[in-house]
Structures are given as structure tokens and as C-alpha cells.
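This report covers confidence, overall form and a few residues of one protein chain. The sequence and structure come first.

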Amino acid sequence: MSNNNASSSSVAVVQKAVKQLRLEAKIRRINVSQAATDLKNFCLQNAHKDPLLVGVPSSDNPFRPPKSCGLL
């Protein structure tokens, strides 16, 4: 009886793997060269918005050093 349970569970595992492989086979894929070109174009188009490239104004920077209190 335990042999029967083991074989049925292994069948279920294989069926799940086949289902996943069929799903992945249906995915539309593009060439790496096309993906790289698209990524490069996206980066160049959005470079002016990237704070790592253009910097963050000190007034908007949440990590700026705290100002000391003038009263103390």
C-alpha cells in the first residue's frame, strides 16, 4: 500500500512539472540582443530622471545630515 502511495505521489509531481513546462513553452520570447537594445534605449530615455545619475537636490534628500538647532 505504501508503494502505491509513493508511485501516485511521484506521478503527481511529474504531472505538475509537465504542466509547468507546458506553461513556460507558451511564453513569447525575444532574442537577448533585442532585449539588450530595448533596455539600453529605455535607460537612455529615462537617464534625466535617474537620481543616481543627476543627483538629488539637497532640499529633497531625506538622508542629508540633520541641521543643528540654533537655540542650543
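## Confidence and elements

Among the elements of the protein chain, the mean pLDDT is lowest for helix α3 (residues 51-54), at 85, and highest for helix α2 (residues 32-45), at 96. The model is predicted. Over the protein chain the pLDDT averages 86, and 90% of the residues score at least 70.

The protein chain holds three helices and zero strands. Read from the N terminus, the order of its elements is α-α-α.

## Overall form

How does the radius of gyration of the protein chain stand against that of a compact globule of 72 residues? The globule would come near 11 Å, but the protein chain has 28 Å. Along the principal axes, the C-alpha atoms occupy a box of roughly 80 × 45 × 10 Å.

As for charge, the protein chain carries 10 positive and 4 negative side chains. The centres of these two sets are 10 Å apart.

## Helix α2

Helix α2 has 14 residues, which at 1.5 Å a residue should span 20 Å.

Serine 33 is part of helix α2, and it counts as exposed because its relative accessibility is 53%, where the class begins over 50%. Alanine 35 also has its place in helix α2. With a relative accessible area of 34%, alanine 35 is partly exposed, since that class lies between the 20% and 50% limits.

## After α3, and distances along the chain

Aspartate 60 sits in the segment after α3. Is aspartate 60 buried or exposed? Its relative accessibility is 52%, so aspartate 60 counts as exposed.

The table gives the separation in sequence and the C-alpha to C-alpha distance for each pair.

| Pair | Separation in sequence | C-alpha to C-alpha distance |
|---|---|---|
| Serine 33 and asparagine 61 | 28 residues | 37 Å |
| Alanine 35 and proline 65 | 30 residues | 40 Å |
| Aspartate 60 and arginine 29 | 31 residues | 40 Å |

Notes
Residues are numbered from 1 along each chain as its sequence is written. Side-chain values use heavy atoms; hydrogens and water are left out. pLDDT is the predictor's confidence in each residue, from 0 to 100. Helices (H or I, at least four residues) and strands (E, at least two) are DSSP runs, numbered from the N terminus. Buried means under 20% relative accessible area, exposed over 50%, partly exposed in between (1.4 Å probe, protein chains only). The expected span of a helix is 1.5 Å times one less than its number of residues. The radius of gyration is taken over C-alpha atoms; the globule rule is 2.2 Å times the number of residues to the power 0.38. Lys and Arg count as positive and Asp and Glu as negative; His and the chain ends are not counted. The place of a charge is taken as NZ of Lys, CZ of Arg, CG of Asp or CD of Glu.
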